[in-house]
Amino acid sequence: MRKKVLLVLLYCCPIFVLAQNNIIKGQVKDSLNNPVPLVHVMFLKAETFVAGTITDSLGGFVIDNLNNGSFLLKIAAIGYQDFIQEFIYQGDSFDFGVLQLLTESIALEEVELVGRKRLYERKANSLIINVEQQIASSGRSALELLSNVAGTSVNQQSNTLSLNGRGRVAIMMNGKLSRVDGQALLSLLKSMPASEIEHLEVFNNPPATYEANGSGGMINIRTKSKNNHDSGGGLSFMGGYGEQEKTGMSANFHSQQGQLGWYGSYSFNRNNSPEEWGLQSEFNSLENLKKVKTRSLRKPITVSHNYSLGLDYDVLKSTNIGAGLSGYNSKWDMIAFDKVVNNNSTSELESLDIETKEINHWNHISGNFHIQQSLGNNHKLTFDYDHLHYTDDNPSSYESGVDFVEIKKKTPITFNVFGLDYNWSLSKNIDIQFGAKNSSSKFKNTVEVSSDNGLQVIIDDELSSVTQMEERISALYSSFQFLLGNNTKLSTGLRFEHTHNELIGNKDEEIIRRKYGNLFPTISITQQITDMHSLQLNYGKRINRPSFNNLAPFILFLGPDALYSGNANLQPALIDKIGIEWGWSGKYLSLEYIIETDAIIEFQPRLSENEEQYIFKAENIDKRNFLSLSFRVPLNITAWWQSETNFNYQYETLETRFQNSEFKRNKGTYKVTSSQQFSINKNTRLELSGHYQSPSLFGISSFGARGSLNLGIQYQLKNNYGTLNLSLNNMFASDNWRIRTNQSNPVINALETYFPESSIMTLTYTKGFGANKKKSKYDGTNASEEKKRIK
């Protein structure tokens, strides 16, 4: 209860601001013509404050009941230079039009001080999360950052990401969709320190220019090295301790010398993170009446290296070519000590001590080449080619007395991705984009399971397998943006994707072929109702393709009575999303309805044929629907206290036929995320942040409540010597997982638990060098979808 009370203390109520007639109005934009929300607009007379307000989501402001006379208009925003203008007001309505703010950059003895942004910024189709303002994320990985601030949940069993509980989320890196998911994607995100990230951009309903995979939406991770030109960079060092030690460092640079620009980054991370897994299960059939309790104390150590290097060259004034190389090496090395107790209703039958060893070693390297050609002032043509290669070496062994089980698993994966995009600004009110893409991939997954009882080694032909897959996805798309008058914006698009997938098992006759084509329309209409209120309607259709990990079967044991496996028979899921959003004074209220057919639910428990073992694997659920209500409240409570609170409630229903039984379930659940930032003085900030999620559905299972409370302190060293961040995360060890299954037909009674390392304290030092002013000319969108389908 104490933990819940502390979390509830974080939440704030909204402030409603209404517009009136006979007004003074205007719109504030930055140097790139983007609206600037939540900035202070003040009217002064003889240096005395007379009236004031803040801008709305589109940068608009309104002032009423101002007497005639001479005034000074002052607009102040963190990160921008103050805007000051004298004017004379003579009554009636007055429109300033567009007022432009310049980015603040003040040089003091060759030291550059840049103003601070808000944690969250709203755009027309996305939400920007400025990572540098999240103090408690210092010393953490990109994966932990997504969990804390973007509403993303990580399933530690299936290694999948979901956004606000509404399905799998696609991940982009600097505008390029990840081509893998699962363990490969998590390995990448774990190896990337949060200090390397400039901001996150969250798309709930991505436009047709992006691939349609991912029902929950899309998150673009923008790194510092990619996002800037001129010359500059940064260094970061991290040390921490929870139950065991953590260390890390990162570096990035960018340089623009005439026509040639370079950028690059490198990071190293070592994380010793003990954790505990558990499974309690009952087998109540005519043949079996027993209880099994498994407790696994795991000691994994993850060592990772992440790197990137790229260049852009302006061959001519209208031609830019570029190339990039990136990759990572991540090794997860674990030893676990498992205790398994089998007993009937009266006495203990068997007790086993098992020593488990597992290595998951991912190597990835990718290359990109692109040409961007400007065809006049309003036309642009871009060609992209990406080659990506992954290898996964995932051996494991289980030893109990004289019994020894060994699993060898190797999976090489290769992608080739071609893309062509054409952009045309037909007029100041119409933008058109066309594109085509082809992605081909293949992998070979080899699994060999053997047992050694001290007398002989036996290969288990039933669990061993060799699986090969080839897949080709071809796509055509068009996207349009229209400004219909001064108050209406229409964005619409249509994407067609054709998929050819062939999976070959141990024998040539074990072939699974999937061929399907789908149209994915998107539409978004934004109406500025008044200067302070806007309304947006959205519709989109998306798809969830089975991950490569599920299509390339694997075997992991959690004791002799439970194993985790893939499912080569999974089918893609189709999703329809329709939503409405109302925005006012920087606050947002949205309602969304989602229909998902053949939803993929990870790691559902089923009984083996002899009803003596649980097998956890992904399953297709016939139908799943969501009704979701979201509320975002940013507040400037005082000059030294900024508050950001996000509330999400969703009602989920699902229907399916599972192991010859009909399931119909429904449940309402909510999640609250809040960040409270306090400016102690000009050099010191404090942050208290946290989240709480109530119990929810997980297919035929139920997910227990979870939450965390985090504390962060940031100190800016004098004379631009850098920044120190001290953070304490998951202070009350409350961010734990409990998945319960209690079904009578079929009889499935199981409780899975996961307790990660808690109360982790980290100290991070960050130092920036040089300038950080210009954005890169090239913003790739070609090869990230493939990265997110590997695990």
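Ile-407, Tyr-614 and Phe-616 touch the most other members of the largest nonpolar core, which has 27 residues. A nonpolar core here is a set of buried Ala, Val, Leu, Ile, Met, Phe, Trp, Tyr and Cys residues joined through side-chain atoms within 4.5 Å. Buried means under 20% relative accessible area, exposed over 50% and partly exposed in between (1.4 Å probe, protein chains only). Welcome to this predicted model, where local features need pLDDT of at least 70, side-chain atom pairs count only at pLDDT 80 or more, and totals for chains, interfaces and linings use all residues. Residues are numbered from 1 along each chain as its sequence is written, and side-chain values use heavy atoms, with hydrogens and water left out.

- Several strands each supply at least two residues of the 27-residue core, among them S21 (275-284), S24 (348-374), S37 (587-607) and S38 (614-638); strands are DSSP runs of E, at least two residues long, numbered from the N terminus.
- Tyr-614 touches Phe-283, Leu-563, Leu-607 and Ile-748, among others, not counting residues up to four places away in sequence; contact means heavy atoms within 4.5 Å.
- A second, separate core of 21 residues includes Ile-24, Tyr-80, Phe-83 and Phe-96.

**Aromatic rings**

- The structure holds 22 aromatic pairs; rings of Phe, Tyr and Trp (its six-membered ring) pair if their centres lie within 6.5 Å, with planes under 30 degrees apart counted as stacked, over 60 as edge-to-face and the rest as tilted.
- Trp-582 and Trp-584 are stacked, because their ring centres are 4.2 Å apart and their planes are at 20 degrees.
- Trp-582 is partly exposed at 29% relative accessibility, whereas Trp-584 is buried at 1%.
- Phe-698 and Phe-703 form an edge-to-face pair, with centres 5.7 Å apart and planes at 80 degrees.
- Phe-698 is buried at 12% relative accessibility, and Phe-703 is buried at 10%.
- Ring pairs also link Phe-43, Phe-61, Phe-71, Phe-87, Phe-94 and Phe-96 into a cluster.

- Thr-741 sits in strand S46 (residues 737-744) and is buried, with a relative accessible area of 2%.
- The side chains of Thr-741 and Ser-701 are joined by a polar contact of 2.5 Å; such a contact is a pair of N or O atoms within 3.5 Å, and within protein one must be able to donate a hydrogen and the other to accept it, while residues adjacent in sequence count only if both atoms are side-chain atoms.
- Tyr-516 lies in strand S32 (residues 511-528) and is buried, with a relative accessible area of 16%.
- Tyr-516 and Ile-473 are 43 residues apart in sequence and 9.8 Å apart in space, C-alpha to C-alpha.

Key
Helices (H or I, at least four residues) and strands (E, at least two) are DSSP runs, numbered from the N terminus.
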